[in-house]
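Here are my notes on this one, written for someone opening it for the first time. Have a look at the sequence and the structure, then read on.

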Amino acid sequence: MEIRPYNADDLVEIINLFRATIHLINIKDYTQEQVDAWAPDFIDKEKWNKTLSEHHTFVAVNGDVIIGFGDIDDSGYLDRLYVHHDYQRRGVATLICTKLESMIDANLTIMTHASITAKPFFENRGYKVVKEQIVERNGVSLKNFIMKLDRPATMMDKP
């Protein structure tokens with residue numbers, strides 16, 4: 001497995017991975033109506049490519065297959081982190097998340113909106129729930145969690 005930066009040629013495969021993961025993995029914690037609204041048939045490719053290109057975005061590849069991806073912006077907002085349904089629980093998300101977190105200034109708090117499914121993963125990494133919330137996707141309500149990771153200052157950060 002290799003972690004590499006995103007490029008626009010990855011877009012279609014990433015969107016397919018995103019949709020499949022939600023429909024095959026997140027369905028355990030959400031209703032069919034909710035996963036259909038969260039990962040609909042039509043996804044705005046231009047909008048996705050724009051944000052993936054503007055953020056620090058990395059993909060995990062196994063041979064020539066993308067098995068995971070994630071992105072974080074300069075403010076420390078970890079936007080997306082998804083792993084192919086056939087590669088769950090193999091350390092893929094951990095490697096991507098570690099890479100994403102390393103891209104952000106150590107003095108910044110990292111925030112994410114974690115699904116019910118992803119909440120335990122982030123808790124195991126030291127993220128704390130700030131707030132449970134209900135968000136709307138395509139007219140359907142879904143529960144997720146605003147979570148943050150406060151990173152301790154390193155010895156090099158101290159005067």
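**Notes on helices, sheet and salt bridges**

1. K119 and E123 sit four residues apart in helix α5, about one turn of the helix (helices, of H or I and at least four residues, and strands, of E and at least two, are DSSP runs numbered from the N terminus). An α-helix has 3.6 residues a turn, so residues three or four places apart point the same way. K119 makes a salt bridge with E123, with 3.2 Å between the closest N and O atoms; the term means a side-chain nitrogen of Lys or Arg within 4 Å of a carboxyl oxygen of Asp or Glu. E123 is partly exposed at 37% relative accessibility, where buried is under 20% relative accessible area, exposed is over 50% and partly exposed is in between, using a 1.4 Å probe and protein chains only.

2. Before going further, a word on what you are looking at. This is a predicted model, where local features need pLDDT of at least 70 and side-chain atom pairs count only at pLDDT 80 or more, while totals for chains, interfaces and linings use all residues. Residues are numbered from 1 along each chain as its sequence is written, and side-chain values use heavy atoms, with hydrogens and water left out.

3. How many salt bridges does the structure hold? There are nine. One of them joins the side chains of R19 and D41, at 2.9 Å from N to O. This pair links distant parts of the chain, 22 residues apart: R19 belongs to helix α1 (residues 11–24), and D41 to the loop between α2 (32–38) and α3 (45–54). D41 counts as exposed, at 74% relative accessibility.

4. D44 is partly exposed, with 35% relative accessibility. From R19, D44 is 25 residues away in sequence and 13 Å away in space, C-alpha to C-alpha.

5. Next, go to R125 and E101, a salt bridge whose closest N and O atoms are 2.7 Å apart. Here too the pair links distant parts of the chain, 24 residues apart, with R125 in the loop between α5 (119–124) and β6 (128–137) and E101 in helix α4 (residues 92–102). Elsewhere, D71, D79 and R80 are tied together in a network of salt bridges.

6. Now α1. L11, I14, I15, L17, F18, T21 and I22 are buried there. Viewed down the axis of α1, the buried residues lie within an arc of 160 degrees, so they line one face of the helix. Their cover includes α2, α3, β2, β3 and β4.

7. The sheet is open, with seven strands in the order β1-β2-β3-β4-β5-β7-β6 and mixed pairing; two strands pair if DSSP finds at least two bridges between them. Why do β1 (2–5) and β6 count as edges? Each has a single partner strand, so one side of each is left without a neighbour in the sheet.

8. Within the sheet, β4 (residues 77–83) and β5 (residues 110–115) pair in the parallel sense over two bridges, and L78 has T112 as its bridge partner in β5. β5 and β7 run antiparallel, joined by six bridges; A114 is partnered by F145 in β7.

9. Finally, β7 (residues 140–149) is mostly covered, with seven of its ten residues buried. β7 pairs with β6 in the antiparallel sense over nine bridges, and the bridge partner of I134 in β7 is K143. The hairpin of β6 and β7 has two residues between the strands, and N138 takes a positive phi near 50 degrees there.

Key
Arc of directions from axis to C-beta. Contact = heavy atoms within 4.5 Å.
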